[in-house]
Amino acid sequence: MSTRDIHVVIVGMSVAGTNVARAVAALSMQGYPNLRVTMVDKNEFYYHVIGAPRAVVEKGFGKKLLWPIHNYLENYEVDKANPKHRFIQASLKAVNSDKTVELSDRQVLAFDYLVLSTGATNTTPSHFSGTTYETIEKQMDDVYESVKKAQEILVVGGGAVGVEVAGEIAYAYKDKKVTLVHSAERLLPLKFKPGLSNGAVDKLERLGVRVVLNEKIEIPQGVEFDCKLRPLELKGSSGATYKSDLQIVTTGTTVNAQYMESLEHQLGDTLRTERGMIKVRSTLQLDSDKLPMVFVPGDVNSLPVGTKYAFKVGEQAATVGKNIVTMIKANYDQVLREVPQLEDYTGGDMSMILVPIGKELGVFQGFNIAFGKSFVGNMMSSKLKAKDYLVSKYSPNFPAPALAK
């Protein structure tokens, strides 16, 4: 048993952060009673963003996607009467070379190990500006009402989210005109087989969706696409125009790593790529010899985009959790000697994908086989994902009922 004080700070409590938190906190029950995990997130909830497409057409479904995190580690307390693990609702403002972080509520936390899992900001409905249950529920309801009232809906972007959103709307509302415009030659990531895209086009069109490929929509500057009703005509790269009274943009993400600026200045080093992603080593450590105790899993790191699916982020979190445990067991935080041998992340790109297109249709690729137009895609989708977008699978990981207040 080690009675030394060990403080692990995890910023960002989505897929990566929650998985690392559990892996590290478990050590406090295994001979490290003074290990503390501090979880930091700007939201008071975990947002199960996988289910966002269903929430735009099913009133109240959004509440099922907001899971409490204030007591996420309650089952990992050695003494529940005197809890050590805690949650702070705040944003990260700065990481410092003296092993401290500065939060938006002016708290300064010293850490022995730091996990930066701050992810990336997407467009609505995959992202909302609300940080409390009440505000985000209101924003989700507003999106639902906009979709319900709209007659002509334009979905920009034919990745998985765009296909799922268009499919959900067309399935729920047979009378609406839904157009999906995608800039590439086929739907879904190009790394997957053409048959997957062909199947997605076929099944979207069965539901009445107009699919336009090889067309890049010109997004006007200064226009916020927040899923509010607004008659608008947008121009495509072909010169064609697209009129709609609701526009849902599912392209583009902004990495949440602005807080690295002060650390880069202190270390005199560039720690981010040109696109703002944090550079990491194969062990998912920050690419800096001066701070080997800082780890960066998930969307915010510089790994290829194919590693950013939720399943792959979970694998990254497992690697980070194992590596922090290895360092703790080697007493690295106490003696600051040479870093022990750590595990490399070798998960690679995502090779499997499952995309529902409404509640009954869908496409699937696995085992290097694409089930596009085949009924197998429909069967796999309805059985594994389309029912509730994996809410029943992942919500039990949270100790409190996985429902908003």
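Q: Is Cys-227 buried or exposed in this model?
A: The model is a predicted one. A residue counts as buried if its relative accessible area is under 20%. Cys-227 has a relative accessibility of 2%, so Cys-227 is buried. Its place is in the loop between β13 (210-212) and β14 (232-235).

Q: Which peptide bond is cis?
A: The bond from Thr-124 to Pro-125 is cis, and its omega is near 15°. Pro-125 belongs to the loop between β10 (120-121) and α3.

Q: How is a pair of aromatic rings described?
A: Such a pair is described by how far apart the ring centres are and by the angle between the planes. In this structure, the count of aromatic pairs comes to seven. One of them joins Tyr-72 and Phe-398, whose ring centres are 5.0 Å apart. Planes under 30 degrees apart count as stacked and those over 60 as edge-to-face. The planes of Tyr-72 and Phe-398 stand at 45°, so this pair is tilted.

Q: Which charged residues lie over a ring?
A: The charged end of Lys-174 sits over the ring of Tyr-171, at 4.5 Å from the ring centre. Arg-230 lies over the face of Phe-225, 5.1 Å from the centre of that ring.

Q: How is empty space in a model found?
A: A probe the size of a water molecule is rolled over the atoms, and this shows where empty space is left. Here the second largest pocket has a volume of about 390 Å³. Its lining consists of 17 residues, and those nearest the pocket centre are Thr-124, His-127, Glu-224, Phe-225 and Asp-226. Helix α3 (residues 133-149) gives the largest share of this lining, three residues.

Q: What surrounds Gln-285?
A: Apart from residues up to four places away in sequence, Gln-285 touches Lys-279, Val-280, Pro-292, Val-294, Phe-295, Val-339 and Leu-342. Its side chain makes a polar contact of 2.5 Å with the side chain of Thr-283. A polar atom of the Gln-285 side chain also lies 2.8 Å from the backbone oxygen of Pro-292. Gln-285 is in the loop between α6 (260-267) and β18, and Gln-285 is buried, with a relative accessible area of 8%.

Q: Why is Val-305 called exposed?
A: A residue is exposed if its relative accessible area is over 50%. Val-305 is called exposed because its relative accessible area is 69%. Val-305 lies in the loop between β18 (294-295) and α7 (310-329). Val-305 and Asp-349 are 44 residues apart in sequence, and their C-alpha atoms are 7.9 Å apart in space.

Key:
Residues are numbered from 1 along each chain as its sequence is written. This is a predicted model: local features need pLDDT of at least 70, side-chain atom pairs count only at pLDDT 80 or more; totals for chains, interfaces and linings use all residues. Side-chain values use heavy atoms; hydrogens and water are left out. Helices (H or I, at least four residues) and strands (E, at least two) are DSSP runs, numbered from the N terminus. Buried means under 20% relative accessible area, exposed over 50%, partly exposed in between (1.4 Å probe, protein chains only). Rings of Phe, Tyr and Trp (its six-membered ring) pair if their centres lie within 6.5 Å; planes under 30 degrees apart count as stacked, over 60 as edge-to-face and the rest as tilted. A charge sits over a ring if NZ of Lys or CZ of Arg is within 6 Å of the ring centre and within 35 degrees of the ring normal. Contact means heavy atoms within 4.5 Å. A polar contact is a pair of N or O atoms within 3.5 Å; within protein, one must be able to donate a hydrogen and the other to accept it, and residues adjacent in sequence count only if both atoms are side-chain atoms. On a 1 Å grid over the protein atoms alone, a cavity is a set of points where a 1.4 Å probe fits but cannot get out, and a pocket is an open set with protein on both sides within 12 Å along at least five of seven lines; lining residues have an atom within 4 Å of a point. Grid points are joined across faces, edges and corners, and a volume is the space filled by probe spheres set on the points.
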